[in-house]
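Me: Please go through the structure shown here and answer some questions about it.

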Amino acid sequence: MKPTRISTTTSTTPETTTTTTTTVPETTTETTTTESTVMTVTISKTSVTSVREIGGAKLQIIDKYGRTIEEWISKNGTPYIVTAPLVLGDTYTLREIDAPDGYAFADDIIFSISEEGKLLDSNGEEIEKIRMQDERTSVSFSKKDLTGEQELTGAKMQILDKTGSTVIEEWTSTNRVHVINGKLNANEIYILHEENAPNGYAYAADIQFMVNRNGKAVDENGNEIVVTMLDKAITAEISKTDITGEHEIGGATLRLLDKNRKTLEEWVSEEGKSHTVESTLNVGETYTLKEINAPDGYAYASDITFSVAEDGTL
């Protein structure tokens, strides 16, 4: 601390002499100078499987105070050159705000500029450029029966956008899980829709799901999942009763015919027991139940024609 300066002023009159002493403190101002430099920092945006620059990513450089100092959208085939002056000795964050279509979000990249103006990674190692890599989104879909034990074949499946108006992809289910790579976008909602059910099964309700920042499908709790749709086998319970409708009667030979009069199933009714037809009927088809032989003491019943709704009801 510098010494205090003392100023003395003396005035004289014929009668008195007055001396006034004033103490004036001296102030010291400290000035901090931040030295910034315009240096060539190259930002490369690629996939994890290629060195080709990919476009459509919205990127930001954020300083140590959380301020965005530069923002841009990546271009196909061209790396980005940072134009903002960077402060020597400071640390920065490269952040992906929007991922390109079909890609997951990359993690933040921390980098710094040394006092000597060198570009350093998060470990303090000198690097030539910053490379941010994106993985393609990858979502798996399973089509099973209600037991959840086996994949169902023959279902025509579709992925729709969240409005349900645009088909993103469609396929026919096999005995393997179906995987879609690089077609769905992170942070977007989609619908799994069954366009046609497998023979013998009812249609399942649509399933809405979201693709997270990591490029995976998640449930309502944010857990990554295989999007699984279950189909219920179409089951018809056929009764042969007397005219009261209260008693199952045996001895009637019954035949189930398709719309072309082809026999699908034939059986003899049992006393006190109904007959179950399972996984034989198809949605939207019309069938006929015909009595071939009537039980002793009973007349023949008329044919019964019925169809199957999408939910599997008759």
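The questions below cover confidence, strand pairing, cores and salt bridges.

Me: What average pLDDT does the protein have, and where is the pLDDT below 50?
Reply: This is a predicted model, and the protein averages a pLDDT of 88, with 88% of the residues at 70 or above. Residues 1-24 have a pLDDT below 50, although this stretch has 25 contacts beyond near neighbours in sequence. Where pLDDT is low, the predicted coordinates should not be read in detail. The average is 88, and the stretches below 50 include residues 1-24 and residues 27-32.

Me: Are K45 and E96 buried or exposed?
Reply: Buried means under 20% relative accessible area. K45 has 1% and E96 has 2%, so K45 is buried and E96 is buried.

Me: Why does the salt bridge between K183 and E169 tie together separate parts of the sequence?
Reply: The side chains meet at 3.2 Å, N to O. K183 lies in the loop between β16 (178-181) and β17, whereas E169 is in strand β15, so the pair links parts that are 14 residues apart in sequence. K183 is partly exposed at 45% relative accessibility, while E169 is buried at 16%. The separation in sequence is 14 residues.

Me: Which strands stand at the edges of the open sheet of five strands?
Reply: The order in this sheet is β15-β14-β17-β18-β19, with antiparallel pairing. A strand at the edge has a single partner strand, so one side of it is left without a neighbour in the sheet. The edge strands are β15 (167-172) and β19 (217-218).

Me: Which residues touch the most other members of the largest nonpolar core?
Reply: This core has 19 residues, and the elements giving two or more residues to it are β5, β8 (86-87), β9, β10 and β12 (130-134). Beyond four places in sequence, I113 is in contact with residues including M39, V41, L86 and Y92. The residues that touch the most other members are V41, L94 and I113.

Methods:
Residues numbered from 1 in each chain as written. Predicted model: local features only at pLDDT ≥ 70, side-chain atom pairs only at ≥ 80, totals over all residues. Heavy atoms only, no water. pLDDT = per-residue confidence, 0-100. Contact = heavy atoms within 4.5 Å. Pairing = 2+ DSSP bridges. Helix = DSSP H or I, 4+ residues; strand = E, 2+ residues; numbered from the N terminus. Core = buried A, V, L, I, M, F, W, Y, C linked by side-chain atoms within 4.5 Å. Buried < 20%, exposed > 50% of the residue type's maximum accessible area, 1.4 Å probe, protein only. Salt bridge = Lys/Arg side-chain N within 4 Å of Asp/Glu carboxyl O.
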